[in-house]
Amino acid sequence: MQATIKDLSHGIRTREISPTELTHQCLARIEKFNPALNAFITVLAESALEQARRAEQEIFRGKYRGPLHGIPIGLKDILDTAGTRTTAASALFKERVPKEDAEVVRRLHNAGAIILGKQNLHEFAYGGSSLISFYGAVRNPWDTARLAGGSSGGSAASVACGMGCAAIGTDTAGSIRLPASYCGVVGLKSTYGRVSARGVIPLAPSFDHVGPLTNSVCDAGLVLQVLASYDEEYSASTDIPIVDY
């Protein structure tokens, strides 16, 4: 089993491990395993290391933002990222560069998470295999002859292989839960309206959900704590209190 965010965040706070060291480890695993798994479409190595150094300095100065501060995370390439292409694994969007972050990406940045890159998926999130992608099929890290599931296949494969401590996927009809099951990680389809889907390329807006893929149930709760919010600019957002997940 991969190290959990709960353990890593404790190690970061006690300076047993640094965000820079942890990010280097994740990037090294991406370089080693991504050619076979095809989990990432875009790897943001330079900006990830810059974010890691900034997190390290902030934590050193006592400005700790919470359990995701300094934790490397991947994003399904259907979540808008300002200045970085967001393709939905389609040739149609291969040059698409959003001007604003999706709301969940903004919240991750505010929590001090480190964005490793954008992850492969079944094109437009419209399928359960992650075989159909302009960038090629995603492979299962346990057996590359098998499916990683979909549509968040790259996100699940990356977490299972240790190419990141967590990933953010989307689920309309199983697209977090299926790949989580196929790859042996935890996937959480959050309650509709609990996590804003503003800035997510839609499949079916009245069914689309955003949620985490992690190595433990506890980690899923830690990530959901950051993602959950009321977003007055997102029509489906629910204005109810956020509990301690």
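Predicted model: local features only at pLDDT ≥ 70, side-chain atom pairs only at ≥ 80, totals over all residues.

Visitor: Which residues have the most contacts inside the largest nonpolar core?
Guide: L68, L108 and I168 have the most contacts inside that core, which has 40 residues. A nonpolar core here is a set of buried Ala, Val, Leu, Ile, Met, Phe, Trp, Tyr and Cys residues joined through side-chain atoms within 4.5 Å. Buried means under 20% relative accessible area, exposed means over 50%, and partly exposed is in between (1.4 Å probe, protein chains only).

Visitor: Which elements give two or more residues to this core?
Guide: Helix 1 (5-13), strand 2 (72-76), helix 4 (103-110), strand 6 (166-171) and helix 7 do. Helix 7 gives the most, with four residues. Helices (H or I, at least four residues) and strands (E, at least two) are DSSP runs, numbered from the N terminus.

Visitor: Good. What does L108 touch?
Guide: L108 touches L68, I73, L75, A113, I115, I168, V226 and L227, leaving aside residues up to four places away in sequence. Contact means heavy atoms within 4.5 Å.

Visitor: Which residues make the nonpolar surface patch?
Guide: L131, I132, L147, L178 and Y182 make a patch of about 400 Å². Patches are made of residues with over 30% relative accessible area and no salt bridge; like charges are joined within 9 Å, and nonpolar side chains (Val, Leu, Ile, Met, Phe, Trp, Tyr) within 5 Å. Areas come from the Shrake-Rupley method with a 1.4 Å probe; for residues, only the protein chains shown count as cover.

Visitor: Where is Y182 found?
Guide: In helix 6 (residues 177-183). Y182 is partly exposed, at 38% relative accessible area.

Visitor: Switching to charges. How many salt bridges does the structure hold?
Guide: The structure holds 10. A salt bridge is a side-chain nitrogen of Lys or Arg within 4 Å of a carboxyl oxygen of Asp or Glu.

Visitor: What does D231 pair with?
Guide: D231 pairs with R198, with the closest N and O atoms 2.8 Å apart. This pair links distant parts of the chain, 33 residues apart. D231 sits in the segment after helix 7 (217-227), and R198 in the loop between strand 7 (186-187) and strand 8 (209-214).

Visitor: Is D231 buried or exposed?
Guide: Buried, at 5% relative accessibility. R198 is partly exposed, at 24%. Salt bridges that share partners join E103, R106, R198, D231 and E233 into one network.

Visitor: What about R54, which residue does its side chain meet?
Guide: R54 meets E50 in a salt bridge, 3.4 Å from N to O. Both lie in helix 3 (residues 45-60), four residues apart, about one turn of the helix. R54 is partly exposed at 40%, and E50 is partly exposed at 42%.

Visitor: And R146, which residue is its partner in a salt bridge?
Guide: D143, with the closest N and O atoms 3.0 Å apart. R146 counts as exposed, at 55% relative accessibility. D143 counts as partly exposed, at 30%.

Visitor: Back to the loop with R198. What does the side chain of S190 reach?
Guide: S190 is in the loop between strand 7 and strand 8, and its side chain reaches the backbone oxygen of V210 at 2.8 Å. S190 is buried, at 5% relative accessibility. S190 touches V195, H209, V210 and L224, leaving aside residues up to four places away in sequence.

Visitor: What is phi of A89?
Guide: Near 60°, a positive value in a residue other than glycine. A89 lies in the loop between strand 2 and helix 4, and is buried at 0% relative accessibility. S130 also has phi near 60°. S130 is in the loop between strand 3 (114-119) and strand 4 (139-140), and is buried at 0%.

Visitor: Why flag those?
Guide: Because most residues other than glycine have a negative phi, and most peptide bonds are trans.

Notes. Residues numbered from 1 in each chain as written. Heavy atoms only, no water. Polar contact = N/O pair within 3.5 Å; in protein donor to acceptor, adjacent residues only side chain to side chain.
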